[in-house]
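Please look at the sequence and the structure together while I speak.

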Amino acid sequence: MSATPLPANMQAIGINKTGDFDVIEKLELPVPQNAPGHVLVKVHYGGVNFIDTYYRKGLYPISSFPQPLGTEAAGEIVGLPTDEKVLNDEEYKLRGFALGRKVAVYGLGAFAEYVSIPWPRAYPLPEDIDTRTAAAALTQGATALTFVTEAYNVQKGDIILVHTVAGGLGLFFAQLIKARGATVIGTTSTPEKAELAKQYGADHVILYTKEDTVQRVLELTNGEGVHAIFDGVGKDTFESDFKMIRRKGTIVSVGNASGAVPPFPPLKLVEKNVTLLRPTLANYVYTPEEGRRYTTELFKLIANGDLKIRIHAEYPFTAEGVQQAQKDLTGGKTMGKLIVRIAPPRQV
């Protein structure tokens, strides 16, 4: 079901093959036919994430080409499911979907003027959250929220280490961990980033470019180490994590900014009875109920002002714009979230 006639074709930013930044190109594709169990969304903004670079490089598999990039967006519903089983589903009814309703969406192919997404991956926005904010908040906000709840359930009094604390995801981690009464130790590269991280809840920030991170963490924890580490860096920090984690601590491998962690023997965990996880957001919001519960909590925190969103930069909806966004993201110079301005409504 759709409100108005849709164009036959649309613009998208994506790839026809995997490779370096230069494989990113402008695509002209048919507007997707909305499947019976899907929601069709006219996209306003897209969020830039490290996972986009994993798909672009071929680290994560792509089933066919051409493939629009992006896994996060926000816009308005222009097509609803027609499957009677879906329409009668109690979880579906709780979403309150309607034509024109603002939603955030999570799924590959988001950097396009239109995206057809399974209804459980579309999340209605409260009236006081706009689509620009939602595109900047959904993936990183929900990742941080699910990880501090399920990967390691942060408790009052814990001491937590967050690598690259001044990035988009790091700032979410800092705020959520601090709000639970834990101490936040962060790592970052510059004094400017350190100051920003402190504004968002970090208690101690280590400049890994100038300081010995392991030594500083052990000093701050009286030699015991931290209760948990959220590590989005990967290869370059993995070995040192084992020196900074305390006995029975938890290392959460969040991402691969410096490259994937190489294989290692499970016996590595024995020395301190360490728990190691490499979770994904998708498996924490796997069921419709999980997705609704976590995104409802996330949007409530944002609407109430308990979770601040910092947008570092907004990029044009061009191949060059998305290329530059990925270069900036992987270059380690950003402080906050990167978004792509796809097709927002004109301001009246």
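Buried residues make up 53% of the 348 residues in the protein, where buried means under 20% relative accessible area, exposed means over 50%, and partly exposed lies in between, with a 1.4 Å probe and protein chains only. This is a predicted model, in which local features need pLDDT of at least 70 and side-chain atom pairs count only at pLDDT 80 or more, while totals for chains, interfaces and linings use all residues. Residues are numbered from 1 along each chain as its sequence is written, and side-chain values use heavy atoms, with hydrogens and water left out.

Let me turn to the overall form. A compact globule with 348 residues would have a radius of gyration near 20 Å, and the value for this protein, 20 Å, agrees. That radius is taken over C-alpha atoms, and the globule rule is 2.2 Å times the number of residues to the power 0.38. Along the principal axes, the C-alpha trace spans about 65 × 45 × 45 Å. Among contacts with a separation of 6 or more, 72% are between residues 24 or more positions apart; contact means heavy atoms within 4.5 Å.

The protein has 11 helices and 16 strands. These are DSSP runs numbered from the N terminus, with helices (H or I) of at least four residues and strands (E) of at least two.

How are the strands E2, E1 and E4 arranged? They form an open sheet of 3 strands in the order E2-E1-E4, with antiparallel pairing. Strand E2 (24–30) and strand E4 (67–68) stand at the edges with a single partner strand each, so one side of each has no neighbour in the sheet. Two strands pair if DSSP finds at least two bridges between them. Between E1 (residues 9–15) and E2 there are 7 bridges, and Ala12 has Leu27 in E2 as its bridge partner.

Gln67 is found in strand E4 and is buried, with a relative accessible area of 12%. Beyond its neighbours within four places in sequence, Gln67 is in contact with residues including Gly14, Leu27 and Leu108. In the loop between helix H1 (50–57) and E4 lies Pro66, and the peptide bond from Phe65 to Pro66 is cis, with omega near -5°.

A second pairing involves strand E7 (residues 114–118), where 4 of the 5 residues are buried. Strand E3 (residues 38–47) runs antiparallel to E7, joined by 5 bridges, and Val39 has Ile117 in E7 as its bridge partner.

I now come to the loops. Most residues other than glycine have a negative phi, and most peptide bonds are trans. Thr164, although not a glycine, has a positive phi of about 45°; it is located in the loop between strand E9 (159–162) and helix H5 (168–179) and is partly exposed at 36% relative accessibility. Asn273, also not a glycine, has a positive phi of about 55°.

Is Asn273 buried or exposed? Asn273 is exposed, with a relative accessible area of 52%, and its place is in the loop between E13 and E14. Lys268 lies in the loop between strand E13 (245–253) and strand E14 (275–277) and is partly exposed at 25%. Leaving aside neighbours within four places in sequence, Lys268 is in contact with Phe238, Glu239 and Phe242. Lys268 and Phe242 are 26 residues apart in sequence, and their C-alpha atoms are 8.7 Å apart in space.
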